[in-house]
Amino acid sequence: MGSWSSDSDTDSVDGEECSGQPVQLIEFNHDCSSEEDTAWLSLQLNQELLEKLIESTKGRPVCVIAVAGPPRQGKSFLLNYIKRCLVAMENEDADWMGSDSHKNELTGFRWSTQYEPQTKGIWSWSRAFLVDGDDNEIAVILLDTQGFDDESTSPQELSSILGLSFLSSSIMIYNTAGELPDDVFNSLTQYLKFGMLCLENDEDGSDDPPFQKISLLVRDWNNPAQHEYGVKGGKSHLDDKIKGLKGKEQKKIKEALKKCFDKVECFLMPNIGEQALAATFKGCVGELHQDFAKYFETYINGLLKNEDLKIKKIMGTEITGFEWANNLQAFVKMFNDNNKEEDSSVTDETLWEVTSKVMHENIIEKCLRKYQEIFQKKQKSSKYLVEDTIENTHAQGIKQAKLLFKRAKKLEEFRNQYDKKLDKELQKALDELKEKNESARKRFVADCIGEANDTFREKLSKHFPFEEIEPVLYNPHVIHQKAESVKDDVTKAFSSNFPSEDDDKLINLQKSLHDVLDSVLQSAFLDRNKKNQEVAENIMTIIMENLLQEYSSEMRKFLFKQPFTETPILRHFHEISQQSLVEKYEKLDKPNNDDLRMRYTLHFQKLINDAFQVFDDEQKSKTNALMAQAEQLLQDQAEAYSKLLKFKAEDLKSEVELKLFHEKMVPVIMEKFKEVNPFPDGCSQREALTIRLKDQLKTVFLLAAKEGLESKRRLEDLYQNAVTSGFEMYMGAMQKARKEAEFVDDEKLSSEHNICLNVALTHFYNMTKVGKPEAEDVYKLNLEKKIEEHYTFLTGENKRTAKFAQSEGKNWVTECLKEYDELMREPVAASCKNLDELKEEHQKMKKKVIDSFNNKWPFKSQTFKEGFVENLGEEMEENFVELQDVFEMKRANDAAGTKEATDDARKYYHEEMETHFKNDQFMQLRQLQQLHERVSRNAIKRCTAKTPLKETQIKDLQQSLEKSFQKYQEKNDIALNWDCNNEPAIGIDLGTTYCCVAVYYKGKIQIIRNSLGSNTTASYVALNADGNHVVGQAAKDNAYRNPENTVFDAKRIIGRGMNDEHLQHDMKFWPFVVVQGEEGPAIEAYGKQYPPEQIGSFILRELRDQAERLLGRSVNKAVITVPAYFNDGQRAATKDAGEMAGLEVLTISQRADSSSNCLQTGTFS
């Protein structure tokens, strides 16, 4: 037939997704060290692809299928169909060649109907296929190889391709066409020699063949009359080929094939058909010849059936993907080394040397993994390990690794070498683990110190927050006190992270923590506080200096305008200026420390008062000097005018004339006095002196009084109008500011009040420019009082409106929460299947309720509304937490109800079945089946009537009842086999690791299962302090918790002396203690000694109990098997153990089949 190889890199197979793709695992290159040297074949292994392939095996045992043979014979085509079948096995689809696949193109490994070879080197599928084998889950690896023939293939290529295919696979497919070539055995001779060498060097004398399976696939077989298609005809064809060999060669090949392989088969295939040879052929099933498709499917199904999926073994030991990779790497290196030699052929001794080395390297790797697994389990529960834990774990790991090494199959010549290597590797692993652990400890300590530092800083910052913009001050003593308290709390929390550290190391850790915390306290708080103190004092000093400078400037300006102001007026101006500066001082940004503010406020007031006193003293001194001069002038004027009046009185005739004269002279005198008055115009002293002069002249008082009253009346009208206008302007501005919302917060209202107040006062000042300052202050105060009263009214009205909105908002929140509870009732009760769906419903309803609240809100204030919306959202989140609990409780109750109903159904089934068995010791199989079906239907009917069940739950219940029915079948069979006159005897295989018990009935040997449903029982005995013991799997599973008191390998002690060489060697690896007892070796536990015969009796008594539970009657007789190498003393000790278990030992047999014979011939007395 034609040769097929694939040009497609598609990921799909048969229309379904199949992860992976073909990858070149090994590349063939021809290298030479110089131009004159002959090129040699270099194998380049892609490590990255190999690691990914091995990772996909998930640690399972591997089955490796490799296809090799001449080129262009359909190797890649075959592998693609094998891959298709494996994908179907993964998906549990048995019909992988059915009608659904007829039109699907064949994809995967490169193939083609052309005659050019497609595969170069060795390829694999990029991932393993995880399927169920005969006994366990396995990973299947596919290998496609470069074709070889005599013409174009060099000896190195042939050796490398065939050798790697043969040595790395567990199922080797030799793919050819027409018939098996005559030299087919010549290609395999070297590896068959290697296989025979493996058998000769096997120190255990095992019959396990070194190779697993070889399948010789012959395409295009054209002589079905001679040998029919399929495996039967293939066997005849293979026999003919072997018979065609010469005498000795035939005998050697025949013997080698039999001993070196688990299975050897030959399969003959018909022709693929003309349609498949066309250039348009796509590999579809529908394009294949009908006979070819039938036998093709038969071949692949037989190849991949569970019992024929051979796991790769090395020296009889199954290997995983990691060990297979080591094996492949070793053989690639071997071929590369050999290819460089002039004679590049590989000898069987070389193959044996490489195989032995790989086998022991794999053992070392397994032991190291076991050692590392024990550490990993410990490290899962803690950030790092303390020294005691490391030492204890190391001791445990050493013991487990050594035990694993001891149990592993090894060659004697390599034992000491790899025992020493294991010690070195374990020590290296311990050093690496210690180094990593110390790094983890340092990181953890640093993280804990960092966390404690953050907590310390955070807690102190809550008590002593420092603002970046404004300096904040605290009492250093208070900071120290609080820091010590916080440090104690942080230290306790920090120490709780190190429960396993000893006291000295914990104290050192705490000291390191305290150093960090003290540094943080000093730098982040104390130094910052001190710096803020300096900054704050500088700020306050600058404020004081600026305000004092402003005060002095105002005072000088005032005195410049009124240089001879009297003290009361000057004090009044001082008080106004002081009040203005105090208000300005209060508005300035200052440090927020009350003590500092109070201290500097008092200091500021003192500075101003001191400055005022200086100005006042200077003014008084200046005024007093001028006043003395002015009074002297006044006195002189009065005396002169007195003289003049006296003089005129003599001349004037009437008082009217005098009055007229007086009226004429007063202005003259006043004018004259004005010229000599030392006080300037506008000065109060000047006016006072003028008044005093007028009083003395007894003139113009009435006129001056009249002019004063008239001026006052005009000023009053001016100021009253200014007050009214300013108040109206204030109300208008406030009303305009409040149009945007029915109410505002107090801070904003206060801000608007201050703005409108300044506008009103500015307007007032503009209207009263022509007035007098004294009157202006009075009316200004009147205006401020009216504005303050109106602001008080507005404040009350604003609070009432806000309170009403607050009340309405709370009511609407309550209504919305009720609405939310109503909306969520149905999802919690029924519609939601899981918590994620409930959360989704919660988000929908939450949005709906918030939208409802927004629609209800009538006020303009959005900020106020956002607070209620946030509160509503928090309330709904709290309610949802409670709803989650209700939902989870409901789901738990439903599950509990289902379990109660199914338990009741099983109870009803067993009660009904037991009732019929009590009435009838044996039933016909048909009657028993009918009884089972009727009771099962009634049990399920009772269950569903009590609690509705899903289809899957009903199916699980049916399967459970079917398993119970199997036990009743066994009980019925036993009732059939024995009558009241026969007494059964049991056969016991007393194994080192596992034991088995059987009974002969109904013409065959029946293995008795233990309570766990297993055919075998672990040979483990856990001894307790109260003298009781546990036997079997439970003791084995808990051995790691109580290794010193869990006994295994008791069979290796029984019948031996304390000085026995084998016993002394084994004692090194046992976790329990073996001492010299009264009559020989004994196991010591909890201060008691247990002879090995007593340990064996515990196991035998458990096996007898298993048989009695199944047979329903007592068992007193037994046949016990022991190994062939047991001497008379060991056999006698085994019999003693049986008698201690309450058994009459009929015989001690050397083989399990001997036990079967005894059961058949001598069991029944």
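Glu-484 and Lys-487 sit three residues apart in helix H12 (residues 476-495), so about one helical turn separates them; helices here are DSSP runs of H or I with at least four residues, strands are E runs of at least two, and both are numbered from the N terminus. The two side chains form a salt bridge with closest N and O atoms 3.6 Å apart, the criterion being a Lys or Arg side-chain nitrogen within 4 Å of an Asp or Glu carboxyl oxygen. Lys-487 is buried at 8% relative accessible area, while Glu-484 is partly exposed at 39% (buried is under 20%, exposed over 50%, partly exposed in between, with a 1.4 Å probe and protein chains only).

The model is predicted, with local features requiring pLDDT of at least 70 and side-chain atom pairs pLDDT 80 or more, whereas totals for chains, interfaces and linings use all residues. Residues are numbered from 1 along each chain as its sequence is written, and side-chain values use heavy atoms, leaving out hydrogens and water.

Across the whole structure, 40 salt bridges are found. One of them pairs Lys-505 with Glu-387 at 3.0 Å, N to O. Because Lys-505 belongs to helix H13 (residues 503-561) and Glu-387 to helix H10 (residues 387-407), this contact ties together parts 118 residues apart in sequence. Glu-387 is exposed, at 55%, and Lys-505 partly exposed, at 30%.

In helix H15 (residues 594-651), Asp-610 and Lys-606 are four residues apart, again about one helical turn. Their closest N and O atoms lie 3.0 Å apart in a salt bridge. Elsewhere, shared partners link Lys-213, Lys-263, Glu-265, Lys-305, Glu-307 and Asp-308 into one salt-bridge network.
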